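Morning, everyone. Please look at the sequence and the model on the screen, and I will walk you through it.

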Amino acid sequence: MIASTPGDGIPRRLLDASSPAELERHLLTPSVEDWPHELWVQLRVLAVGRMQSPALARETRLRWGHLALSAISGMARSQTPQQTMAECARARAYMILEFGVSASDAARDLPALCSEILGNLGISLEATERLAEDWRAGSRERMLRLRRIKNMLTPLLPLHALLKETTPVFEETQAWLKLIPHLP
């Protein structure tokens with residue numbers, strides 16, 4: 001059994017490694033299937049930090065970005081789909097900004113990211129606009145729902161300039177982004 005305290009489940013040699021290779025291999029073993037939420041969070045924090053490290057080579061940073069996405073996927077069973085999507089959107093948006101859009105790398109496929117976010121919103125733009133009109137007077141559940149929508153959309157704001165193409169998914173995304181200032 002893996003201890004749930006951070007550092008007890010992920011071997012120290014993997015945490016200290018600057019290359020993600022051994023950690024990538026470790027994630028393919030059956031032992032990670034039973035990792036508690038806390039270890040997935042620890043891996044996400046580690047991988048995001050390394051992905052953002054300018055001291056590492058571009059390709060190494062990209063590999064760490066993919067490890068961050070693996071960790072977010074591992075965390076999914078302990079959170080809502082909207083929370084997972086928001087976490088995933090933050091990591092992928094960073095990867096797109098830092099390393100560019102790529103149709104061959106699913107993590108950096110901007111149209112796919114927009115489609116996935118829009119698909120996880122679970123409500124129409126018009127209905128959300130109505131809910132947002134007087135959200136302060138609404139229930140806690142209503143505010144939480146609107147906050148989750150905002151958390152999923154906000155990572156796309158820095159990508160605004162990349163959404164200029166006139167495709168249906170980009171046009172719909174732009175419409176949703178205009179709603180962000182009106183959400184709690």
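Is Cys-88 buried or exposed? Buried, because its relative accessibility is 18%, and the cut-off for buried is under 20%. Keep in mind that this is a predicted model.

Let me stay with the cysteines. Cys-114 is buried too, at 0% relative accessibility. Where is the closest cysteine sulfur to that of Cys-88? It sits in Cys-114, 12 Å away, which is too far for a bond. A disulfide needs the two sulfurs within 2.5 Å. Searching the whole structure gives zero disulfides.

Cys-114 takes us to helix α6. First, its length. At 1.5 Å a residue, 12 residues should span 16 Å. The end C-alpha atoms of α6 are 17 Å apart, so the two values agree. Which residues of α6 are buried? They are Leu-110, Leu-113, Cys-114, Ile-117, Leu-118 and Leu-121. Down the axis of α6, these residues fall within an arc of 125 degrees, so they line one face of the helix. An α-helix has 3.6 residues a turn, so residues three or four places apart point the same way. The cover over the buried residues of α6 includes α5, α8 and α9.

Now the two ends of α6. At the start, a side-chain oxygen of Asp-109 comes within 3.2 Å of the backbone nitrogen of Ala-112. After α6 comes Gly-122, with a positive phi near 70 degrees.

Next, α8, residues 140-153. Same check on length. Its 14 residues should span 20 Å at 1.5 Å a residue, and its end C-alpha atoms are 20 Å apart, which agrees. Buried in α8 are Leu-146, Ile-149, Lys-150, Met-152 and Leu-153. They cover an arc of only 165 degrees around the axis, which puts them on the same side of α8. Note that a lysine, Lys-150, is on that buried list. On the other side of α8, Arg-140 and Glu-141 are exposed. What do the buried residues of α8 pack against? Four helices: α5 (81-99), α6 (110-121), α7 (125-133) and α9 (168-177).

The largest nonpolar core has 58 residues. Leu-43, Ile-117 and Trp-176 have the most contacts inside it. The elements giving two or more residues to this core are α1 (12-16), α3 (37-51), α4, α5, α6, α7, α8 and α9. Which of them gives the most? That is α5, with 10 residues. Take Leu-43 as an example. Leaving out residues up to four places away in sequence, Leu-43 touches Ile-10, Leu-23, Leu-27, Trp-35 and Ala-71.

Last stop, a polar residue. Gln-79 lies in the loop between α4 (58-75) and α5. Gln-79 counts as buried because its relative accessibility is 17%. What does the side chain of Gln-79 pair with? With the side chain of Thr-84, through a polar contact of 3.0 Å. Beyond four places in sequence, Gln-79 touches His-37, Thr-84 and Glu-87.

That is my tour. Over to you.

Note on methods: Residues are numbered from 1 along each chain as its sequence is written. This is a predicted model: local features need pLDDT of at least 70, side-chain atom pairs count only at pLDDT 80 or more; totals for chains, interfaces and linings use all residues. Side-chain values use heavy atoms; hydrogens and water are left out. The expected span of a helix is 1.5 Å times one less than its number of residues. Buried means under 20% relative accessible area, exposed over 50%, partly exposed in between (1.4 Å probe, protein chains only). The arc is that of the directions from the helix axis to the C-beta atoms. Contact means heavy atoms within 4.5 Å. A polar contact is a pair of N or O atoms within 3.5 Å; within protein, one must be able to donate a hydrogen and the other to accept it, and residues adjacent in sequence count only if both atoms are side-chain atoms. A nonpolar core is a set of buried Ala, Val, Leu, Ile, Met, Phe, Trp, Tyr and Cys residues joined through side-chain atoms within 4.5 Å.
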